[in-house]
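Here is a short tour of a protein model, written for someone who likes to know how each number was defined. Have a look at the sequence and structure first.

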Amino acid sequence: MYRLLFRLFLRRVSAETAHHLGFGLLRFLMALPGMRALWKWLFGPRDPRLAVRAFGVDFPGPLGLAAGFDKDARGFEALGALGFAFVEIGTVTGEAQGGNPKPRLFRLEADRALVNRMGFNNEGSRAAAERLARRRPGGVIVGANIGKTKVVPESEAAADYVASAERLAAHADYMVVNVSSPNTPGLRDLQSTEKLRPLLVEVRAALDRASPGRRVPLLVKIAPDLADEDIDAIGDLARELGLDGIIATNTTIRRDGLATDATKIAAIGAGGLSGRPVKARALAVLRRLRARVGDSMVLVAAGGVENADDAWERIAAGATLVQAYTAFIYEGPAFARRIHAGILARMQAEGIGSIAELVGKEAR
């Protein structure tokens, strides 16, 4: 039904408008009495063989929703009811900002992809923290993805990240430092280890100050466009600093190999490309990181995950958790349930009793 709705209606309105309409409808439906509990029972991962323990947190399944969908922490419980084992909110910044001018989100249907240059449009980390503070016990696991406010100069970037970390520490199950979006000028420069090291050190200290009774896991999200030697350097830095994990990867600025007409691509212009075209590079980065860091930290795979086979391949390559976004836009509400069901069916067929047995299987 969703695919029919997409073909007949959603694809005929702008991608950003469709997002707001769909997300608003989802939140409305899930606010009806008993609806969220019903959907969670129907769609949520409940088989113990799917359970995953990562950086001290128990996840009911390996598949989560990547940052970017619920930027302001308005509907994470509704999204969890659709079967996602965890939801990453954000990216949020230290100060509220409107993001880049519209249009700024585009579909490439022939490539099962999206191009976005949203520019971290959000209401700021203070507003997100206030919403997360109202979380109910036993709800969906929530990560908080933090980035740099656009008007903040690089010299003050650490303070901007620290402000967000301090506000969100008590309310998030894990924290992600995003230095890999291509849509904030200069942000990707922070991926260089000489700039990334002090930033991560300060954010780690801020989390420990703000949450002295619970260690908040800290991860960093990297771009697929990094050179291999830079990926190695970030892996080495993450091990040195005792980081809890790395998310591989964010969107790409590359445009090669697309099925979409080149004229349309040129007309869309700048932005991060997500979905199927990122799949191969994201997997290559994941494999390189796992070889570099060994079993010292959690790797979260993102980029081009469309089905259960993609998720299986990422886990076998060394990912403990997997995130999706673009395929969810194209597939609709049953997407997470299908992924988890497909993983479970393949586990049964291959005699694998837990996700832990599958992680890194291809290297063993």
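## Contacts and overall build

Of the contacts in the protein with a separation of 6 or more, 74% are between residues 24 or more positions apart; a contact means heavy atoms within 4.5 Å. This is a predicted model, in which local features need pLDDT of at least 70 and side-chain atom pairs count only at pLDDT 80 or more, while totals for chains, interfaces and linings use all residues. Residues are numbered from 1 along each chain as its sequence is written, and side-chain values use heavy atoms, with hydrogens and water left out.

The protein has 14 helices and 13 strands, which are DSSP runs numbered from the N terminus (helices: H or I, at least four residues; strands: E, at least two). Buried residues make up 58% of the 364 residues, where buried means under 20% relative accessible area, exposed over 50%, and partly exposed in between (1.4 Å probe, protein chains only). Along its principal axes, the C-alpha trace spans about 50 × 50 × 45 Å.

## The largest pocket

The largest pocket holds about 770 Å³ of space. On a 1 Å grid over the protein atoms alone, a pocket is an open set of points where a 1.4 Å probe fits, with protein on both sides within 12 Å along at least five of seven lines; lining residues have an atom within 4 Å of a point. Grid points are joined across faces, edges and corners, and the volume is the space filled by probe spheres set on them.

There are 48 lining residues, and A67, G68, F69, K71 and Y325 lie nearest the centre of this pocket. Helix α2 (15-31) gives the largest share of the lining, five residues.

## Around A96

A96 is in the loop between β4 (86-92) and β5 (105-108). Its relative accessible area is 53%, so A96 is exposed. Leaving aside neighbours within four places in sequence, A96 is in contact with N122, E123 and G124. The C-alpha atoms of A96 and K150 are separated by 9.8 Å, with the two residues 54 apart along the chain.

## Backbone points to check

Two cis peptide bonds deserve a look: one joins G90 and T91, with omega about 10°, and another joins K102 and P103, with omega about -5°. T91 is in strand β4, whereas P103 is in the loop between β4 and β5.

F120, in the loop between β6 and α5 (125-132), has a positive phi near 55°. At 5% relative accessibility, F120 counts as buried.
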